Amino acid sequence: MSTPSSPIKKKHTLSALVENKFGVLARVAGMLSGRGFNIETLNVGPTHDPAFSRITATVIADDAALDRCVKALDKLINVITVHDFSREEVDHVARELILCKVRSDKKTRTEIIEVAALFRAKVVDVAHDSLVIEFTGNENKIRAFLDLIEPYGILETARTGAVALSRGRKKSTAR
């Protein structure tokens, strides 16, 4: 007797170009949470055209549920386009910014700065007992950076969540 297998869930990066109007973010987030998706990260900001914003969200979902959700998002009035960069054939670039406060003293400060330099991270604040490091990269590089810095003692972190764009010149409504 076999048991039905549950759908395979994976991380998806959704990018929606939307009109920069009051309430649009709430409707998009409400659509996602109303369909049972936990929004892992959410990033929103205006494009170079102030009439539009780009919302980037990462969610964990199975393909069928996400397909239904993308179609529903695409039908919202203020949504121009929606892309699931995790599934599309379109090559894309995704980055995240992290600020990491690390415990440091005279003995460890140089070592921590060397680790940061390996990752092309910047030290943006120095105190007697800590450093704040700014790092931008994809999720895997951020994880590797944090793994190397963690033994020194991570005091605090703040992360932006992913932002993503398709690579190359693509004829679309993207702004």
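1. Buried means under 20% relative accessible area, exposed over 50%, and partly exposed in between, with a 1.4 Å probe and protein chains only. Lysine 71 has 57% relative accessibility, so it counts as exposed. This lysine 71 sits in helix 2 (residues 63–75).

2. This is a predicted model: local features need pLDDT of at least 70, side-chain atom pairs count only at pLDDT 80 or more, and totals for chains, interfaces and linings use all residues. Residues are numbered from 1 along each chain as its sequence is written, and side-chain values use heavy atoms, without hydrogens and water.

3. Four helices and nine strands make up the secondary structure of the chain. Helices (H or I, at least four residues) and strands (E, at least two) are DSSP runs, numbered from the N terminus. Their order along the sequence is β-α-β-β-α-β-β-α-β-β-α-β-β.

4. The C-alpha atoms fill a box of roughly 55 × 55 × 30 Å along the principal axes. Of the 175 residues, 37% are buried.

5. Contact means heavy atoms within 4.5 Å. Take the contacts between residues at least 6 apart in sequence: 73% join residues at least 24 apart.

6. Arg35, Arg68, Lys71 and Lys75 form a positive surface patch. Lys and Arg count as positive, Asp and Glu as negative; His and the chain ends are not counted. Patch residues have over 30% relative accessible area (Shrake-Rupley, 1.4 Å probe) and no salt bridge, with like charges joined within 9 Å. A salt bridge is a side-chain nitrogen of Lys or Arg within 4 Å of a carboxyl oxygen of Asp or Glu.

Conventions: Patch = residues over 30% accessible without salt bridge, like charges linked within 9 Å, V, L, I, M, F, W, Y side chains within 5 Å. Charge placed at Lys NZ, Arg CZ, Asp CG, Glu CD.
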